[in-house]
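Hello,

Here is the structure I promised to pass on. Please open it first, then read my notes below.

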Amino acid sequence: MAINKDFFKKVLNLNSLEGEPNAKSGDEAEAAPAPETVVCKGCKRTIAKDEFQRRLYVCPRCGRHMSFPPRERVLALADEGSFVEFDAGLVGKNILDFPGYDSKLDEMRDKTGEPEGVVTGRITISGCPTAIFAMNPDFIMGSMGAAVGEKIARLFDYATAERLPVIGFTVSGGARMHEGMLSLMQMAKVSGAVNRHSEAGGLYIAVLTDPTCGGVTASFAMQADILVAEPKALIAFAGPRVIEQTIHKKLPDGFQSAEFLLEHGFLDTIIPRQRQRAGLYRLLSLHRREDGSYGRA
Amino acid sequence: MAERKDLTAYERVLLARDKDRPTGMKFIDGLFTDFVELHGDRRYGDDPAVVGGIARLAGRPVTVICIEKGSDVREHIKRNFGMAHPEGYRKSLRLMRQAEKFGRPVICLVDTSGAYCGMGAEERGQGQAIAENIIGMLSLRTPTVSIITGEGGSGGALALACADRVWMLENAAYSVITPEGCASILWKDAEKKAEAAEALGLTAEKLAELGIVDRVIPEQSDDWDMTMSALRDALAGEVSKLCEYDEERLLAERYYKYRNMGVNGQDW
């Protein structure tokens, strides 16, 4: 399977957000296609794709936070060269022989250039080491199958053993129904690993991004010590359409938005993407002792 | 009726939802004595869809929690058709912690189409309540047994089923999504519900094969007294066994039980 290597070149560090794009090599300049554009889902205006990427997939006009490919997200947050990926080859199989799932997986791997729905590893942020996971909104809607659960659980196990914090970016439609109950059980599996990490004194910061729904909300997204969200992210157990079908009423604007959850006491804070590197660094450093270790003495 | 072992997955779903199937409180009556119901989550309210309290199982005090759908129209409405709000999950966690304090085993009886999908439930943190229950059950320092008696509807069922032992009645159905929902999302056709039920692997037999369910409880055709009395004996035996475990073993076995979910058959 072909993993797209281009994102390594495209991604800019958050620190250089307002700066010039990385100098391109001759090869890349030649290969550059005609300027591509994207339409903002918020204000519907057309934006040049490279500007959009440079701004971390945030609309420069209305500030809408669009979906952020997980590998680019991790690289944008990490100190340059610090990202070490874990379990890159860990992929799920169609254990239930669910009709159409094999071809769906192939299609997703082609489309996203990623073998599974989450990227895990370790990075440093301004020198602070942390374990990190970022879910993939484009991989069957960020759904959680056995491989996604296993990668995240292993990350927590690693962080527990190494006494590292975990930063987790969630985005998910919920369980991956092609894996039936094995998918639901990942909620319990990851929760067990989160619990062990927590009981050992580990810090877990979840960053809930648009949309975080279903079984992910009802497990590890909500189990963090510190709950951060991106502006206007939809955060729900049942998504708006399901609720509207249940109650036969239209939901008010902003229902289940990050701002709504903050107001109702279910989030600690909202941090826009451009400030996440600084914000997460500050949270990590507040939990780090002088000798560089984290957690209970 | 066909031989029960020949039923299709969807026929079992229909049996799991059958209006004549005993609901949670009937199981409490059939399995326990001296039940004292305890109300409220001490946070917001009392959810009638979740019934909990203290009772005796073959003489031993236990904490018992069930999801109750109600058995007539008035009760269906009162119990919200067994679809719990966050208060229900928070009440159950409160009762589990109380059980831990007094060294009582916890028995959960699960029969729900799912956690309620409404505005109030979302405003009061349905996802957070379920997430906290899952972690709460995984770390509870007392033995736990959950029995799926009818419908096991996704996260709303799992919130009461992260137990040392998960048992399932022969014709119960435990699923990540309803077959109708799955068929309409994946195949844009809710009528393909029977195929979806088959594909989802939601029967007790299949889930036992996958290691998600530890024991399948046979149903004695329609003789519920007999079914319950056999279940009571089996449950009392299992609880006695779990009560012999020291706390560390109990927690470690429970952790690995869930940590290994979905690992079988994979290449990693």
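Start with K250(A), which is exposed at a relative accessible area of 70%. It is a predicted model, so keep that in mind throughout. K250(A) forms a salt bridge with E244(A), at 3.8 Å from N to O. E244(A) is partly exposed, with 24% relative accessibility.

Next, a pair in chain B. The side chains of D34(B) and R56(B) form a salt bridge, with 3.2 Å from N to O. The two residues are 22 places apart and link distant parts of the chain. D34(B) lies in strand β1, residues 33-37 of chain B. R56(B) lies in strand β2, residues 50-57 of chain B. How open are the two ends? D34(B) counts as exposed, because its relative accessibility of 54% is over 50%. R56(B) counts as partly exposed, at 36%.

There is also a network. Salt bridges with shared partners join D87(A), E150(A), R154(A), D157(A), K189(A) and R259(B).

As a general point, side chains of opposite charge can pair when their charged atoms come close.

One more pair from chain A. R71(A) and E85(A) form a salt bridge, and their closest N and O atoms are 2.7 Å apart. Is R71(A) buried or exposed? R71(A) is buried, because its relative accessible area of 6% is under 20%. E85(A) is partly exposed, with a relative accessible area of 25%.

Last, a residue in chain B. T144(B) sits in strand β5, which covers residues 144-153 of chain B. T144(B) is buried, with a relative accessible area of 1%. Which residues does T144(B) contact, leaving aside neighbours within four places in sequence? They are V106(B), M137(B), C162(B), A163(B), D164(B), R165(B), L242(B) and R254(B).

Over to you.

Best wishes

Definitions and conventions:
Residues are numbered from 1 along each chain as its sequence is written. Chains are lettered from A and ligands numbered from 1 in the order in which they are written. This is a predicted model: local features need pLDDT of at least 70, side-chain atom pairs count only at pLDDT 80 or more; totals for chains, interfaces and linings use all residues. Side-chain values use heavy atoms; hydrogens and water are left out. Helices (H or I, at least four residues) and strands (E, at least two) are DSSP runs, numbered from the N terminus. Buried means under 20% relative accessible area, exposed over 50%, partly exposed in between (1.4 Å probe, protein chains only). Contact means heavy atoms within 4.5 Å. A salt bridge is a side-chain nitrogen of Lys or Arg within 4 Å of a carboxyl oxygen of Asp or Glu.
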